Amino acid sequence: MSESALSRRGFLKTGAGAALLLVGYQAARHGLGDDDEEYRALLAGEQAQALSIKEFAVLSSVVRCLVGPAQGAPTTEETRTAARIDRELMIHGGKLLQDLRDSLLVVEHGTFLEGYGERFTRLSAAQQSLFLQSCRNSSLDLRRQVYGGLRFLTMFFYYSDDRSWPLLGYQGPWQAIKFYEGGNRIENLAPLSNLSSTPQITAEGSV
Amino acid sequence: MILEGNKVDRSYEEQVDVVIIGSGCGGATVAKLLAAEGHSVLILEKGGYFSARRGDFDQRSDNMLARIDGGRGMHTSVNNELALMYGNCVGGASVHYWADSWRMPKDRCDEIAASGVTGHSYEELTPYFEQIEKDHNVHLAASEYYNTMNRLFNEGAETLGWHAEPTPQARRGCAKSGHCYQGCSYDAKQSQLVTSVPAAIEAGARLMADCQVENITRNAKGEADGIDAVFIDRASGRPNGHRLQVQARIVVLAAGGYSSAAVWLRAKLPNGSGQVGKNFLCNPNTFLYALYDREIKLWENIPAATGTSQYRLATYKNGEYVEGGYLLHPNQLQPEFLALTLPGFGEDHRELVSQLPNIGSVVSWIDDELPGEIRLNNNGDAEYHYQLRGVDELKARDSLKKQAQLLFATGAKEVIVPDTAGTRLRSVDEIGVFDDLPISNGNYLFGAPHPAGTLRMGADPASSVVASNHEAHEVPNLFVADPSVFPMQPSVDPSISIMAWSYVAAKEINSRLVSLG
């Protein structure tokens, strides 16, 4: 394989440029700022550290959709999955953080390119699921990688929460937990603020 | 003496015979042997020091990856095809390995010798293999250590007429917890953390953890003569403001197959051959899941007490690939990772994970031949460029077929491919799907546990980086002792091979130190 063939395959970098430009255009066209009140309402009391308010809000919606609802399962707000991802991104910085930012941009505004007429966070739960399914099955490397990257982080941080283990038939570790100062568990997060409550998604999907 | 970053409240200047960058299978082995010869040895480890006795190995995948994994479990190749699996802790990758302990096979030693490498023949390595196996209690696991998947593997192999053989294990008093990849909570797995590191320290070596080498210094003659480093704050992963300068007669680069070439490139050491960072191999893993009517509990007991090397070597007919070129083993994942790697999302995924105890798996290590490359980006961070292709892709596809055959032979109801699409097979008649299943471009995430080759050994300075005595062709007094020097993959788990090659490195370094007086 030639060097040029390899370099074209940089994750969400070179090959993603045109798509990100398109998505960025959609974002600008719809005039949504980072500090939009609708995004603040999606934070569920969390304060983003590595991500912007908008990015954190989109991530929260993506995480909720990927894990999906289930009786007896903790919600992604209870497991603070988005906040744990944000904490991990804070430690990593660099390419992982940038790729996640780009991925969230693609998800939030890529919906317009698929004719939804609304950004991701305004879609109904069913529409959000359909959109992520289309990313998963897309013929475009970029969209599949966006799906794969977001899915990896979501599932890892949701299913490493002890409360999800009964769903897995897992009795848990044999050892007592030990706090790690460089960790990314709930114990490593700042307490929830009371800025806003958990968002409610209506049947129509409006927040 | 182990100095941890959180105990460092000042900068240090040191003068030693040997400074060793890295404390894994290569660095710890060299440290132990040179300290035993009476040399002053300082080991520097970028990662932290964690101990079972302190309760650090708490068996939570999130905590443990943050503690011991090089990328905290999040590091991938630039094209997102490889999950990079490597150590970042005292003991290196041996802390999370499975304890599989194969000698480098004679046929591979012969191939390496034919490439021009001397002093590493099977016969020359044999006494080292024997000593290493003794020191690490390498043995075949008793039947009580076979988990359900291990037993199913043997039954399936027998049904298919394949030869299964026990995998040598480096363990002592295994508690069967199954938390091998997260680091052993019982000091039973014979990683470098509980073998060569304490042996080195007992022999007088010192170790500084949380210490990241930024530069390898050279004197006016171009000889390596020390290092510059910073101490890292574990909570933030960033420098804590204190530095280390070491003057040394010999510098040993043993930061591992993912990191040594990056250290070299950051230090801007000579690269006249242009081979530094090239020839990156990683034994990419293919694996499949299977749904059974019975409970498997993949996460219990030891991961791979058995396996088959029947397909270790690829076979060819009239120059065309036929089959093989990989090892095949039972797979083990802890539930969090099993849930993560099962395909899909939402309700479909929930339905799958609700059957987690009934899911089994097998895994292959592809003996890759077509390399990628390690490069530095503009920030000085290592980037890993690699794509499975050519004959390696054929091996991967063949391994998936063999895995599916074995899983169906053990009574699997359904085989689940962990690809993006979540492909499923209902019978062995469907294995033809692997001939053209998309497995690149983000469709399949390969594990990449065995990096090698990026500072490869060879006789010719024009096409290799280090000589057969492990010394850099272009940097006198700089020796490399880790899998970066392998000209090709060992074709088996590399830990014993890395240690054996490091015996050769230590012998050569000792000779140099003696001659230096």
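At roughly what angle do the axes of helix α1 of chain B and α11(B) cross? The answer is roughly 40 degrees, with the axes of helix α1 (residues 25-36) of chain B and α11(B) coming within 8 Å. Before going further, keep in mind that this is a predicted model: local features need pLDDT of at least 70, side-chain atom pairs count only at pLDDT 80 or more, and totals for chains, interfaces and linings use all residues. Residues are numbered from 1 along each chain as its sequence is written, while chains are lettered from A and ligands numbered from 1 in the order in which they are written.

**Helix pairs**

A word on terms: axes are lines fitted to C-alpha atoms, for helices over the stretch in contact, and angles run from 0 to 180 degrees between N-to-C directions. Helices (H or I, at least four residues) and strands (E, at least two) are DSSP runs, numbered from the N terminus. Angles under 35 degrees count as roughly parallel, over 145 as roughly antiparallel, 65 to 115 as roughly perpendicular and the rest as oblique.

| Helix pair | Axis separation | Crossing angle |
|---|---|---|
| α1(B) and α11(B) | within 8 Å | roughly 40 degrees |
| α4(B) and α11(B) | 9 Å | about 120 degrees |
| α4(A) and α5(A) | within 9 Å | roughly 125 degrees |

Back to the pair from the opening question: the angle of roughly 40 degrees makes α1(B) oblique to α11(B). α1(B) passes α11(B) in a right-handed crossing (left-handed if the near helix is turned anticlockwise from the far one by less than a right angle, right-handed if clockwise). On the α1(B) side, the residues that meet α11(B) are C25(B), G26(B), T29(B), V30(B), L33(B) and L34(B). Among their partners in α11(B) are I498(B), M499(B), Y503(B) and I509(B). Contact here means that the C-beta atoms of two residues, placed from the backbone, lie within 7 Å. By class, this contact has 10 nonpolar, five polar and no charged residues. For that sorting, Ala, Val, Leu, Ile, Met, Phe, Trp, Tyr, Cys and Pro count as nonpolar, Asp, Glu, Lys and Arg as charged, and the others, Gly among them, as polar.

Helix α11 (residues 495-516) of chain B also packs with helix α4 (residues 122-135) of chain B. At about 120 degrees, α4(B) and α11(B) are oblique to each other, and their crossing is right-handed. L125(B), Y128(B), F129(B) and I132(B) of α4(B) make the contact with I496(B), M499(B), A500(B) and Y503(B) of α11(B). Its residues come out as eight nonpolar, no polar and no charged.

Over in chain A, helix α4 (residues 53-67) and helix α5 (residues 81-92) pair up. α4(A) and α5(A) are oblique too, again with a right-handed crossing. α4(A) brings F56(A), L59(A), S60(A) and V63(A), and α5(A) brings T81(A), A82(A), I85(A) and D86(A). That set divides into five nonpolar, two polar and one charged.

**Domains of chain B**

Chain B splits into domain 1 (2-137 + 180-276 + 451-516) and domain 2 (143-171 + 283-448), with bounds from an automatic or database domain assignment. Taken over C-alpha atoms, their centres are 28 Å apart. The contact takes 33 residues from domain 1 and 34 residues from domain 2. On the domain 1 side, β4 (82-84) and α7 (260-266) of chain B each supply at least two residues, and α7(B) has the largest share, with four residues.

**Where the chains meet**

How many residues of chain B touch chain A? There are 44, in contact with 46 residues of chain A. On the chain B side, α2 (61-68), α8 (335-341) and α9 (346-353) give two or more residues each, and α2(B) gives the most, with five residues. By class, the chain B side has 13 nonpolar, 20 polar and 11 charged residues.

**How confident is the predictor?**

The complex gets an ipTM of 0.95 and a pTM of 0.94. pLDDT is the predictor's confidence in each residue, from 0 to 100. Chain B has a mean pLDDT of 97, with 100% of its residues at 70 or more. Chain A averages 83, and 76% of its residues score at least 70. In chain A, pLDDT stays under 50 over residues 1-11 and is below 50 over residues 195-207.
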